[in-house]
Amino acid sequence: MLDFKKEIAKSIANTVELDSCDLYSFIEVPKDSENGDYAFPCFKLAKELKKSPMIIANEIMEKIELDNEIVEKVEVVSGYLNFFINKARLAQEIVNEFSENDEIGKSDIGNGKNIVIDYSHPNIAKPFHIGHLRSTVIGQALYNIYEYLGYNVKGLNYLGDYGTQFGKMIEGYKLWGSEYDIEKDPINQMMDIYVRINNLCKEDENVLEACRDNFKKLEDGDSYCVELWKKFRELSLNEFHKIYNIIGGRFDSWDGEAYIAPKVPEVIELLNKSGKLKESEGAKIIELEDKNMPPCMIEKTNGSSTYAVRDLAAILYRAKTYDYDKSLYITSYEQVLHFKQVFETAKLLGLDEKYINGLEHVPFGMILLPTGKMSTREGTVVKLEDLLNESIQRAQKIIEEKNPELENKEEVARKVGIGAVIFNDLSNNRIKDEIFDWNALLNFQGETGPYIQYTYVRTKSIIEKTGVNLKNVFVEFLLDNDSQNILKLIYNFRNILIQVTDKNEPSILSRYLLDVAKAYSVFYNSNKVIVDDENMKNARVFLTYATGKILKTGANLLGIQMPDKM
RNA sequence: GCAGCAGUAGCUUAGCUGGAUAGAGCACUCGGCUACGAACCGAGAGGUCGGGGAUUCGAAUUCCUCCUGCUGCACCA
């Protein structure tokens, strides 16, 4: 598509002695469309040219030559040059785009670069609760969007299937296993054991020591421990698959910490070679004092591995296996220091610089209960399955009220209910904490997933009546404000996707989809699409079609399914 | 104590590498379905952008400082 901003930058460059690339970055989009579609603030040149912004603006205004087909008007307003693009041209660009490409906004800008995304990573033997939702949903959205932009993406589910917690589980099972029927209700039974053993550990230091011992035995391949661990893992995975079938989650690898653990000795050897590995209080550490960080612990006093060293081993493994250009870790911000330490220590592994520079932690805020933090150990978690079921039920109720004749009610309720939950989690800046509130979460009005789905359904039902004819779109019927607002947004779609990957921030896309839905709803409310004038109708049907396409493509990229009716 | 992140309307929040009158949604008040779907649209009310300094033509945005909250800081992951 034509880059209007670039054309404007070029025209300005011809009037002043400046590079058009610099000028390009100065051009902005005014908040108020009264001030044009693009604006150039001349203040930026005042110092360099030693003239007042007003004079510069007038001088540029006098000299500038613009293709009327691209920019139809320029105005000087208090030091700004305001550019009004040719409305018909904008519409035509979009018509062409939609008639040439079916997958709108798709590109190969990623150039086949390898991206690995480590996300979701639930812990075995613990319930999949609403705290795991964000990592899963953010990771999945990024996966989809990177892929859409031509990157070669791998989703890694780095399962928490290792560590002292399993020593605890094993100890708990040893003590009370006969009281439980794990196969029957795996997650709840395992959680029960976990809570119980943790309480015992708090009371009795010897039990905690026994748990640590169990983990050491597990690492050393003790058959009893390994068998038990395998059982916990398998039962948990079955549960997780159920959840992923509902909310999505694309994984190319399920290699968890246990898979990585055997590769730890290689890391220790490399760190030894670097000469930086030190003994401290019986444990092995890397000092990071010069980086203003506490030390990175590599090996515990009893010789077992740490989370950090396993992450280092994973880096080594992923560099070799995936040859990544970028490696993203989607976790809560509780782990920022951990990853800073690990990434710093990774420099000692002798890897190519590319692999070090590609490491990036993508932190997000936590979901808190009104009473504070959720804790599996305390048993104060809201299980994701419960939340989803509640949401689906709520959707079902609303369908009964509003559209009782609807076919496939269950399927639609699933899409709407789950869409609401996913969208809610992706609609705000990821770093913000979220206080869990059933009512806020299950609200289906306003800035929500169902609003986007509803708007899509409206476009869909018009298209169903009229069909689309992409060949005969007369853009002169799309010059009004309501239509232009939509077209400008659609024009931005590709740019929005790029912004998402620049910042690893899916909410940019969520917010954008709200804008699109809103713009279309405004149009819809004051304009009839199906009118007698055949040409006007075709043009408006096109606008409707294009809006629907953007909404569906965008929502799908976020991992949200769209119903055709609701 | 040290470090990081956050503080925008009653609540939830947007605001791109500084730009023109700080945008939304929820809730509240009022208005709009004999027009293609009212899960919608419009209007109203609601703001010392945590406080104070600094930088400059110009700051919610950058810097400093203080306040508040959250998180992390060695054998959890």
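Here is a short walk through the structure shown above, from its domains to its RNA and then to one pair of helices. This is a predicted model, in which local features need pLDDT of at least 70 and side-chain atom pairs count only at pLDDT 80 or more, while totals for chains, interfaces and linings use all residues. Residues are numbered from 1 along each chain as its sequence is written, and chains are lettered from A and ligands numbered from 1 in the order in which they are written.

Let's begin with chain A, where the domain assignment (automatic or from a database) gives domain 1 (4-85) and domain 2 (256-352). Taken over C-alpha atoms, the centres of domain 1 and domain 2 are 51 Å apart.

Now turn to RNA strand B. Around RNA strand B are 76 residues, the closest being Ala39, Gly163, Lys300, Asn429 and Gly446; a residue is near if its C-beta atom, placed from the backbone, lies within 6 Å of the strand. Helix α19 (residues 449-466) contributes the most to this surface, with 8 residues; helices here are DSSP runs of H or I with at least four residues, numbered from the N terminus. By type, the surface near RNA strand B has 33 nonpolar, 23 polar and 20 charged residues. Here Ala, Val, Leu, Ile, Met, Phe, Trp, Tyr, Cys and Pro count as nonpolar, Asp, Glu, Lys and Arg as charged, and the others, Gly among them, as polar.

Finally, look at helix α6 (residues 130-148) and helix α21 (residues 493-503), which pack at about 125 degrees with their axes 10 Å apart. Axes are lines fitted to C-alpha atoms over the stretch in contact, and angles run from 0 to 180 degrees between N-to-C directions. Their contact is made by Ile145, Tyr146 and Tyr148 of α6 with Leu497, Val500 and Thr501 of α21, where contact puts C-beta atoms, placed from the backbone, within 7 Å.

Terms used:
Helices (H or I, at least four residues) and strands (E, at least two) are DSSP runs, numbered from the N terminus. Two residues are in contact if their C-beta atoms, placed from the backbone, lie within 7 Å.
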